[in-house]
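This report describes selected features of one protein structure. Please keep the sequence and the model in view while reading.

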Amino acid sequence: MPEVLVVTSDRQRVSALQTSEGEGGRIAAVWTGEWPEGKTPAQNPEGAGAWLRGEWSSAGFTAKSVWVIVPREEVVLRHLELPNAPDEELPDMVRFQAASRSSVPLDQVCLDFIPLARFEGREGRDVLAATFPKTTIESFQKIVTAADRELVGVSFSSHALGEWGEQTDRRHAASLPGHEADATLVLAWGNSRVDLSVVCGRELTFAHSARIPVTEGVDPTSTVLAEVSRTLVAGQRLRPGLRVDHGWLVGGDALLAQALETRLECAFQLIDPIVDHPQAAQLKKLQGQPIAAALLLGVRHPSITPGLNFLKPRQPPAKRDPRKRQIAVAAAAGLLLAFLGAGGGVLRLQSLDRQIAKLYSEKVELETVVKGGQPVLNASATIGDWNLRNINQLQELVSLEGMMPGDTERPYLSEYVFAVGSGDVLAKIGGEGSARTRDHVEALFDDLAVKQGYRVAAKQMTISRDPEYQHRYTLDLTVPKKKAEPAKAAAETGKKS
């Protein structure tokens, strides 16, 4: 079987595992190391790749194919409700809906999706659509190429955790009676970050992640439990009646596992992916890194159907070439038309000449009426344009404040600028602000584009000085002139005249 090199990393450390693809794959080698100063992916992609080439060669890696796992918070995950359509039509439908809801043009991101199983009582289809910046994919390509290898796949951490949880369920099936009918919750906790995956019916139903600042002497358990509750409430909106039958805790401690078991009223087991694995001896280099081990093992045997790969997303099936049939039909139609045209062509031409003369006479009369009413129409348009630009700036600010997501932890604005526009632009709104999470900013931009009809210019988010609101964003909105319906516009013009 072909071998693949699975890689996961953060700002300080990178880990990799070489394994053969398919069920029961053998672990060939494992490696982990800290990024050297000046050769991190963000600072120097080519330098990072050259360093990895030497390290991986020393570790005995021979696989040329590389699969990268990125953190959940770097991915924008959306639940889409689609009409009840066959699977081959889903790629086009997902792309259309994603384009209408995304504040970033689709040509700047990689889009893939996970079709969910049909659910009784829901008429349409549900999918989880995920987008990831193309610029980051291009950076991965540079690193992997410099490491003398080929990038074959990119997925995110929640999906890998879900696959690892499904594999763990099957190994412990004897002690988990009936788990096929219920949901498994996989929770990874470490480095001030919680990552949650809900797996139901061997498919990733919902995923969520959050950064939780850890203060010395303060127990973060209550905050972790709040994120779990938020995840389950959101998951139950997709699958009414969703119930967690059991769960796996990666990282954390026995006290957190006990708190989760009490909150969810089900078995919740703290587990070390390395010790639990049949090939634990080959995984010794990952001791002390249970989350990295779970992510790397989750890509080894894809068990969740279907999977996700930003590098090779789902595409509609290739359509059969209909040209031969079209040519035959066109030839037959041409012969028929030639036969009919020979007998009725003269009568048809005479009828058309009479219609042309009549239409020309009507055209002259209508042009006379239009010229007489043009001054009134011009004055009405001038007054209407002035009224459109008479925007209540205070109301715009109140409306913007009301759209901030996140309840008491919603984003805020530190700067706000309003300017009247010209031409097809009624006004321009700008500002600077900060948010707790990237998802809050994406949700705000989506609502501004969809509900308010603003044109949202996407800007690169930066790191804020506020430790509680680390994501600093730039607000660049254009208020376009709404096009009046033809019937309504004509009625208003008649009233003014």
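## Helix H6

Helix H6 covers residues 254-264, and its buried residues are Leu256, Ala257, Ala259, Leu260 and Leu264. Buried means under 20% relative accessible area, exposed over 50%, and partly exposed in between, with a 1.4 Å probe and protein chains only. Viewed down the axis of H6, these buried residues fall within an arc of 160°, so they line one face of the helix; the arc is that of the directions from the helix axis to the C-beta atoms. The face turned away from the buried side carries the exposed residues Ala254, Leu255 and Thr262.

The buried residues of H6 pack against strand E9 (183-190), helix H5 (221-238), strand E12 (244-251) and strand E13 (267-270), where contact means heavy atoms within 4.5 Å. At the start of H6, a side-chain oxygen of Asp253 comes to within 3.3 Å of the backbone nitrogen of Leu255. Glu265 follows H6 and has a positive phi, near 55°.

## Basis of the description

The model is predicted: local features need pLDDT of at least 70 and side-chain atom pairs count only at pLDDT 80 or more, while totals for chains, interfaces and linings use all residues. Residues are numbered from 1 along each chain as its sequence is written, and side-chain values use heavy atoms, with hydrogens and water left out. Helices (H or I, at least four residues) and strands (E, at least two) are DSSP runs, numbered from the N terminus.

## The five-stranded sheet

Five strands form an open sheet of mixed pairing, in the order E3-E2-E1-E4-E8; two strands pair if DSSP finds at least two bridges between them. Its edge strands, each pairing on one side only, are E3 (27-34) and E8 (150-156). From one strand to the next, the twist averages 20°. Strand E2 (residues 13-20) runs antiparallel to E3 and is joined to E3 by seven bridges; Gln18 has Ala29 in E3 as its bridge partner.

## Nonpolar cores

A nonpolar core is a set of buried Ala, Val, Leu, Ile, Met, Phe, Trp, Tyr and Cys residues joined through side-chain atoms within 4.5 Å. The largest has 64 residues, and those with the most contacts inside it are Trp31, Leu52, Trp56, Phe156, Leu187 and Phe310. Helix H5 gives the most to this core, with six residues. A second, separate core of 26 residues includes Val6, Trp248, Ile271 and Leu283.

Leaving aside neighbours within four places in sequence, Leu52 is in contact with Val14, Trp31, Trp35, Ile143 and Ala147.

Technical notes:
Polar contact = N/O pair within 3.5 Å; in protein donor to acceptor, adjacent residues only side chain to side chain. Axes fitted to C-alpha atoms, helices over the stretch in contact; angles between N-to-C directions.
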